[in-house]
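Here are a few notes to read with the model open beside you.

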Amino acid sequence: MLNQIRILAQVVESGSFSKAGLALNMAPSSISRSIDSLEHTLQSTLFRRSTRSVSLTEEGEYFYQESIKLLFDANKLISEMKGDRAEPQGMLRISVFESFGNLVLAPLLPRFLAQYPKVKVEIDLDNHMVDLHCENIDIAIRIGTPQDSNLKARKLMPNLTSLVATPEYLAAHPEIKQPEDIQQHNCLLISHARQRNYFYFSNGAELRRVPVSGNLASRGGSPLLSAALCGSGVLLLSTWMVEPYLKSQQLVEVLPSWTARSSEHDSGEIFAVYKGMEYPKPHIRAWLDFLVKELTSS
């Protein structure tokens, strides 16, 4: 039954029999037979099945949550008997938005892989929000806490924002003394579903909402950063993206006494989210712990 529980756990994590088959190097028909056999043994229906997806029934959810503890203990015992103390190993699939992946995660990966040589990493740099239940992803990096209650999250770092431009741009355009002056400038904008864009400013108890416009918008920050460095306009972007250029003085802060945001609420925090396993696999837990340590100490 332990092997059947492993197969069930993989189906839950992968979101389908076919994806579980790919992960386990088994035919989907073999996956299906294993689940059928487990359901027959338990006299319970564990999955709702359709042509496109599978999902746990209430009984299946209960069995999965309880049996995953057995699986964790069994894997731990086997590793201890082998003497390797559950050294993390296996394929780790990460989904992360492009700018954070390139600037923050990519430099950390060589150190992580050197520390855990039996782990392999597949990283997907994409600005769309993946569904961890339907796609074969172990961990996704997101701004803001997940809305899906079936996902767990670990906070990595705050997502502060900075309003910046090149000294050359500022010297050639009207002076910005107060938030409303930004309306006279070309603003490089993150694409939003809403038709009108605003920058939100705060200075103590004083709050201001300023409509902004510009000739370049992007779902990701990298094109906007490149344009700002060429002197194309004023940019409001995550501080972790612009900080190196502030240090080199290629960019300077605009209205430094004000806090600027692209949302009426705060800019959120950056989280690592993963499927709601009470006992994550060792290589997933190792990556989470590594990220938290690296990003909270930086």
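1. Start with helices α1 and α2, which cross in a right-handed way (right-handed means the near helix is turned clockwise from the far one by less than a right angle, left-handed anticlockwise). Helices here are DSSP runs of H or I with at least four residues, strands are E runs of at least two, and both are numbered from the N terminus. Helix α1 covers residues 2-14 and α2 residues 17-24; they pack at about 120 degrees with their axes 8 Å apart. Axes are lines fitted to C-alpha atoms, for helices over the stretch in contact, and angles run from 0 to 180 degrees between N-to-C directions.

2. Who touches whom in that pair? From α1 come Ile7, Gln10, Val11 and Ser14, and they meet Phe17, Lys19, Ala20, Ala23 and Leu24 of α2 (contact means heavy atoms within 4.5 Å). By type, the residues of this contact are 6 nonpolar, 2 polar and 1 charged. For that count, Ala, Val, Leu, Ile, Met, Phe, Trp, Tyr, Cys and Pro are nonpolar, Asp, Glu, Lys and Arg are charged, and the others, Gly among them, are polar.

3. A quick word on what you're looking at: this is a predicted model, where local features need pLDDT of at least 70, side-chain atom pairs count only at pLDDT 80 or more, and totals for chains, interfaces and linings use all residues. Residues are numbered from 1 along each chain as its sequence is written, and side-chain values use heavy atoms, with hydrogens and water left out. The chain has a mean pLDDT of 87, with 92% of its residues at 70 or more (pLDDT is the predictor's confidence in each residue, from 0 to 100). Confidence is lowest in helix α4 (residues 58-82), with a mean of 79, and highest in strand β13 (residues 252-253), at 98.

4. Now try α7 (residues 222-229) and α8 (residues 239-247): their axes come within 11 Å and cross at roughly 20 degrees. The two helices are therefore roughly parallel to each other (angles under 35 degrees count as such). Ser222, Leu225 and Leu229 of α7 meet Met241, Val242 and Tyr245 of α8. That contact has 5 nonpolar residues, 1 polar and no charged.

5. Last, the open sheet: 3 strands in the order β10-β9-β14, paired antiparallel (strands pair if DSSP finds at least two bridges between them). At its edges lie β10 (206-212) and β14 (259-261), each pairing on one side only. Strand β9 (residues 197-203) is joined to β10 by 7 bridges, and Phe199 has Val210 in β10 as its bridge partner.

Methods
Parallel < 35°, antiparallel > 145°, perpendicular 65-115°, else oblique.
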